Amino acid sequence: MAIPTLRQLEYLVTVVDTGTFTRAAEQLHVTQPALSHQMRALESAVGGPLLERLPRSVRLTPMGRAVLPHARAALAEAERLHTVARRTAGLEEGELEVAVIYSISLGILPPVLRAWHRLHPGVRIRLREYPHADKLQAAMTAGRADLAIGPAPTAWEGPIRELGTEEFVIVLSADDPTAGDPTADHPTGTVALSRLADRAWVHYAPDNGLADLLDQVCAQAGFIPHAAIRAEQTSAAPLLAAAGLGPALVPANIVPAHFDGVLLRPDPPVRRALTAYTRTRPDPLTVAFADLLAHQARVNPPGFPAPRARAQ
């Protein structure tokens, strides 16, 4: 049995998408007899009819409906392979898939992407966001992205770059009693986590990695945080805390400018090391992005300095 060619699969998809052989032939820049011949060859290869010709359109047969998704998938994979080949040849075009945990896309990534776009305007960035570091690493292992940014992966065989140590802050509303404590003044004030043991917190949804982090640091301080509300999106936590729903523990880099809440440093400090990692043999475009990230990423905003780690 003959194996269908990518060209034949493209013909099938185009006929279905345009609705007629005439429009498909025009779009493909081939004659109708040539298109019909290739469609018959495809049907012979798969062992049955794929299309039924109607007076003014075409209709997929049951076999055609089964084959069409696989045809689309094969064409998409071929395009991805072509993109990788162009990258390897050093061309400034293609697509880079970057996977991140939620907070990274809020606080760290936007300035990096702005700098990248200036340097490589022909390279598209596809951003994939994950709520938990475990899901981020699983996505990278499954090949769903070229580069991941998040906490250090476990048992990772590919290159890992250390980006720095992220500082966390406690967010309170401006009228919160703790915010008005003379020993806890913004921006240099601190607050012992144990002082917030009896408070209802702006917590995170269970599948958000920051839920685990909050539970861990509070347990170390001797209590279990009670949730006043659980936020699905990391970006919502500081806003809900500023609205008076309770304290929130958030990365300092996601707090928006001109924020009307109060930020205090937790005591003891809460920090998280961030990394960028790729599979064993990253292509040149991925390496270039990782280099830019290592130089441009600002893990903490001004006023919350953390020592920058040396790239591996």
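Predicted model: local features only at pLDDT ≥ 70, side-chain atom pairs only at ≥ 80, totals over all residues.
Before the details, a word on the ground rules. Residues are numbered from 1 along each chain as its sequence is written, and side-chain values use heavy atoms, with hydrogens and water left out.

Let me start with confidence, where pLDDT is the predictor's confidence in each residue, on a scale from 0 to 100. The protein chain has a mean pLDDT of 88, and 90% of its residues reach 70 or more.

Now to the helices. Two packed helices are described by the angle between their axes and the distance between the axes. The axes here are lines fitted to C-alpha atoms, for helices over the stretch in contact, and the angles run from 0 to 180 degrees between N-to-C directions.

How do H1 and H3 pack? Helix H1 (residues 6–18) meets helix H3 (residues 32–46) at an angle of about 110°, their axes 9 Å apart, and the two are therefore roughly perpendicular (under 35 degrees counts as roughly parallel, over 145 as roughly antiparallel, 65 to 115 as roughly perpendicular and the rest as oblique). On the H1 side the contact is made by Gln-8, Leu-9, Tyr-11, Leu-12 and Val-15, and on the H3 side by Leu-35, Gln-38, Met-39, Ala-41 and Leu-42. By class these are 8 nonpolar, 2 polar and no charged residues, where Ala, Val, Leu, Ile, Met, Phe, Trp, Tyr, Cys and Pro count as nonpolar, Asp, Glu, Lys and Arg as charged, and the others, Gly among them, as polar.

H2 and H3 pack at about 105°, again with axes 9 Å apart, which makes H2 roughly perpendicular to H3. Phe-21, Thr-22, Ala-24, Ala-25 and Leu-28 of H2 meet Gln-32, Leu-35, Ser-36 and Met-39 of H3, and this contact divides into 6 nonpolar, 3 polar and no charged residues. In the loop between helix H2 (21–28) and H3 lies His-29, which has a positive phi of about 60° although it is not a glycine.

The axes of H1 and H2 come within 8 Å and cross at roughly 125°, and these helices are therefore oblique to each other. Arg-7, Glu-10, Tyr-11, Thr-14, Val-15 and Thr-18 of H1 make the contact with Phe-21, Arg-23, Ala-24, Gln-27 and Leu-28 of H2, and here there are 5 nonpolar, 3 polar and 3 charged residues.

Finally, one feature further along the chain. A cis peptide bond, with omega about 5°, joins Asp-267 and Pro-268, and Pro-268 has its place in the loop between strand E11 (262–267) and strand E12 (271–278).

Terms used: Helix = DSSP H or I, 4+ residues; strand = E, 2+ residues; numbered from the N terminus. Contact = heavy atoms within 4.5 Å.
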